[in-house]
Every structure is written in C-alpha cells, then in structure tokens.
Amino acid sequence: MDWFRTNVISPPFSAFCFLSFWLNGALAKLFRSDPTRHHGISRFWSRLLLRTAAVRVRAEGLEKLNPAGVYIFVSNHLSLADTPLMAGWLPFQFRFMAKESLLKIPIIGHHLRWGRHVAVPREDKRGAARSLAGAAKLLRQRAASVVIFAEGTRGSGVLQPFKAGAAHLALHTGVPVVPMAILGTDRVMPRGALLLRPGLVRLIVGDVISTAGLDSVDPDEFTRQLHQRVSELMAAGT
C-alpha cells in the first residue's frame, strides 16, 4: 500500500500542490501583498503536501514558546522535507535563512523571493554579512522570527559542526534562541529522492535560551552550546 501511495497516488497530488503553490504566490505578488500573505500560502501548501503523501507530523514542545514572541530557531537539517515541515507546523511568522542557490530552483525560488526570505551566499563573506544584517533588522523590528539550519547543508543523521551565523545573530540582537531537532525527514524523503514516502516525522522544540545582555560572550563558544542543545534533543528523541 505504501508503494502504491508513493508512486501512484502522491505524484499527481504533489504536482497539484506545487502548481497551486506557485499560482497562489504569483497572484499574491501581482496584488503586491506583504510577505505575511506568502507565509500563509506556504503554511497551507506545506500541510497539504505532507498530508497527501501520508507523512504524519508530531510537533513537540511548542507550548514552551510565547505565541507573540520573536525567536531565532536553530535546527539540524536532514532532508528537503525539512522546509515544508517547518513552514507547516511552526506557528510563527518567520523567514528562512536559505542558501542563495535555492533561489534558482523553479517555484521554490520564486516563493523564497516573494516571501522575502534571507538568501545567504556561501562563498561571499561580505554578502553573508549583509544577509545577517538583513535578518537582524527583521528581528529588531519584530517583523518576523528567523529559522536557521545551522549545519549549513543537509546532514546524514550525524550532527555536523554548526556555522557561527546563528550565534552572531543572537548575541548581536539579544533575541532569544530556540534549539530544535528534526527527526525522520531523511526517511520520508532521502537524499536524491523525488517523491515523499509515508512515515512519521517529528519536530522537537527545546527550552528557550535568553541572550539578552550576552553580547560579550564568545560566538564560537555559544555556537558549541547550541550544537550541544540540538544534539541532546536529537538523542532524546531517538
């Protein structure tokens, strides 16, 4: 039954989801909507996409967060399915910090631009600094939270060292950090797969870390602390 759903039922539904996602985004852009409209479209599309593929989602620990709060969410990264998981089940207005190359992908790239997500060039230090400054402006204006996959790329299930961008952003702005762990997305959409597979994925939210008044803390040490928190969440969830 799982093979039949993955290979026969899900593809046309997924194609419909992507088409409606792009059309809704294009219409919203045409009428000059603000990024919150695009975020709402992404949330609806992400939930529809995962549910039509029989991907069950369990979000744990969201009760720890203030619904009116602004946060820097720091997570591991396992799969392309991490993006719809976050968009669909993290109940905050937020912007991804996404590698710039994703902007070249049809449909997904359009929505990243229309939703004003923060593109980060990998090999351009000055460009990366400008991206951090743009994210800091969002946070200070309380316009949106920010989601960072701190490994910088998809891992293999073993948590890779974190990039220091999340720590610099948190210590510079004083915005609280929320460590999170994603589990199971590498099974429902392994690297190289084109289709989602049925299964269970989990989004585990850790305790909020206050960064107010910590601007003198060493960013590298804070990065190691964030890595340890996410690692502990992953271990506790297995």
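Which helix gives the largest share of the lining of the largest cavity?

Modeller: The model is a predicted one. In it, helix α2, which covers residues 35–52, supplies the largest share of that lining, with four residues. A search of the whole structure finds one cavity of 30 Å³ or more, and the volume of the largest cavity is about 30 Å³. Rolling a probe the size of a water molecule over the atoms shows where empty space is left. The residues that line the cavity are Pro-35, His-38, His-39, Ser-42, Arg-95, His-111, Gly-115 and His-117. Sorted by class, the lining consists of six polar residues, one nonpolar residue and one charged residue.

Ala-54 lies in the loop between α2 and β1, the latter being residues 55–60. The phi angle of Ala-54 is near 60 degrees, a positive value in a residue other than glycine. Ala-54 counts as partly exposed because its relative accessibility is 23%, which falls between the limits of 20% and 50%.

Another positive phi, of about 55 degrees, belongs to Arg-142, which is not a glycine either. Arg-142 is placed in the loop between α5 (125–140) and β5 (145–149). With a relative accessible area of 53%, Arg-142 is exposed, because the limit for that class is over 50%.

How values were computed:
Residues numbered from 1 in each chain as written. Predicted model: local features only at pLDDT ≥ 70, side-chain atom pairs only at ≥ 80, totals over all residues. Heavy atoms only, no water. 1 Å grid on protein atoms, 1.4 Å probe; cavity = no way out; pocket = protein on both sides within 12 Å on 5 of 7 lines; lining within 4 Å. Points joined across faces, edges and corners; volume = space filled by probe spheres on them. Helix = DSSP H or I, 4+ residues; strand = E, 2+ residues; numbered from the N terminus. Nonpolar A, V, L, I, M, F, W, Y, C, P; charged D, E, K, R; others polar. Buried < 20%, exposed > 50% of the residue type's maximum accessible area, 1.4 Å probe, protein only.
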